[in-house]
Amino acid sequence: MKISKGEPNHLPQVLSLIIELAVFEKEPNAVTNNEEQLKLDYEEGLFDFFILEVEERVVGFALYYMRYSTWKGRSFYLEDLYIKPSFRNLGYGKLLFERCVDEARELSCSQMNWQVLDWNKGAIRFYEKRNASISTEWYNGTISFE
């Protein structure tokens with residue numbers, strides 16, 4: 001098992017995992033992103049990512065970017081953390097999450113943020129075990145331009 005910074009050549013595998021995640025989150029047709037756009041956005045520095053490899057096969061990823069909180073300053077936003085189902089409950093999620101926490105600290109972030117679906121009780125328990133507070137007070141707002 002190895003966790004490392006992702007590189008452009010990993011993006012096709014990451015896109016495949018993003019599609020798996022959309023299926024898991026009951027939104028199988030929601031992914032409109034593509035490999036070319038991911039590569040362009042990565043090269044422009046819009047996000048960074050870690051990959052989880054087992055036997056030289058990418059089986060998980062964590063994609064993140066910097067955001068800014070007017071109250072707290074520099075913040076690390078974990079957009080997605082996903083591990084293939086057959087590699088869950090082996091401690092890999094914890095290691096990948098902890099690598100993100102370490103990265104946020106190395107980048108001098110004041111906090112790390114992410115979202116979790118209210119029905120994903122396993123993920124909520126996972127985060128709460130790591131002393132995360134899960135807010136149910138805020139609603140998400142979105143305007144789509146597609």
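At what angle do helix H1 and helix H2 pack, and how far apart are their axes?

Modeller: First, the ground rules. This is a predicted model, with local features needing pLDDT of at least 70, side-chain atom pairs counting only at pLDDT 80 or more, and totals for chains, interfaces and linings using all residues. Residues are numbered from 1 along each chain as its sequence is written, and side-chain values use heavy atoms, with hydrogens and water left out.

Now the pair. Helix H1 covers residues 11–24 and helix H2 covers residues 35–43. They pack at about 115 degrees, and their axes lie 10 Å apart. Axes here are lines fitted to C-alpha atoms, for helices over the stretch in contact, and angles run from 0 to 180 degrees between N-to-C directions.

Which residues meet? From H1 come Leu 11, Pro 12, Leu 15 and Ile 18. From H2 come Glu 35, Leu 38, Lys 39 and Tyr 42. Contact means heavy atoms within 4.5 Å. By class, the H1–H2 contact holds six nonpolar residues, two charged ones and no polar ones. Ala, Val, Leu, Ile, Met, Phe, Trp, Tyr, Cys and Pro count as nonpolar, Asp, Glu, Lys and Arg as charged, and the others, Gly among them, as polar.

Next, the setting. The chain has four helices and five strands, in the order β-α-α-β-β-β-α-β-α from the N terminus. The radius of gyration is 15 Å, close to the 15 Å that the globule rule gives for 146 residues, so the chain is as compact as a globular protein of that length. That radius is taken over C-alpha atoms, and the rule is 2.2 Å times the number of residues to the power 0.38. Helices (H or I, at least four residues) and strands (E, at least two) are DSSP runs, numbered from the N terminus. Along the principal axes, the C-alpha atoms fill a box of roughly 40 × 40 × 35 Å.

Buried residues make up 38% of the 146 residues. Buried means under 20% relative accessible area, exposed over 50%, and partly exposed in between (1.4 Å probe, protein chains only). Of the contacts between residues at least 6 apart in sequence, 56% join residues at least 24 apart.

Phe 50 sits in strand E2 and is buried, at 1% relative accessibility. Leaving out residues up to four places away in sequence, Phe 50 touches a set of residues including Ile 3, Phe 61, Tyr 64, Leu 96 and Cys 100. Ile 134 is 84 residues from Phe 50 along the chain, and their C-alpha atoms are 23 Å apart. Glu 55 is exposed, at 76% relative accessibility. Its phi is near 50 degrees, a positive value in a residue other than glycine. Val 54 and Ile 143 are 89 residues apart along the chain, with 38 Å between their C-alpha atoms. Ile 143 lies in the segment after helix H4 (121–128) and is exposed, at 66%.

Met 66 is in strand E3. Met 66 is partly exposed, with a relative accessible area of 37%. Beyond its neighbours within four places in sequence, Met 66 contacts Arg 74, Ser 75, Phe 76, Leu 107 and Cys 109. Phe 47 is 19 residues from Met 66 along the chain, and their C-alpha atoms are 7.7 Å apart.

Last, Ser 108. It lies in the loop between helix H3 (92–106) and strand E5 (111–113). Ser 108 also has a positive phi, near 60 degrees, in a residue other than glycine. Ser 108 is exposed, at 57% relative accessibility.
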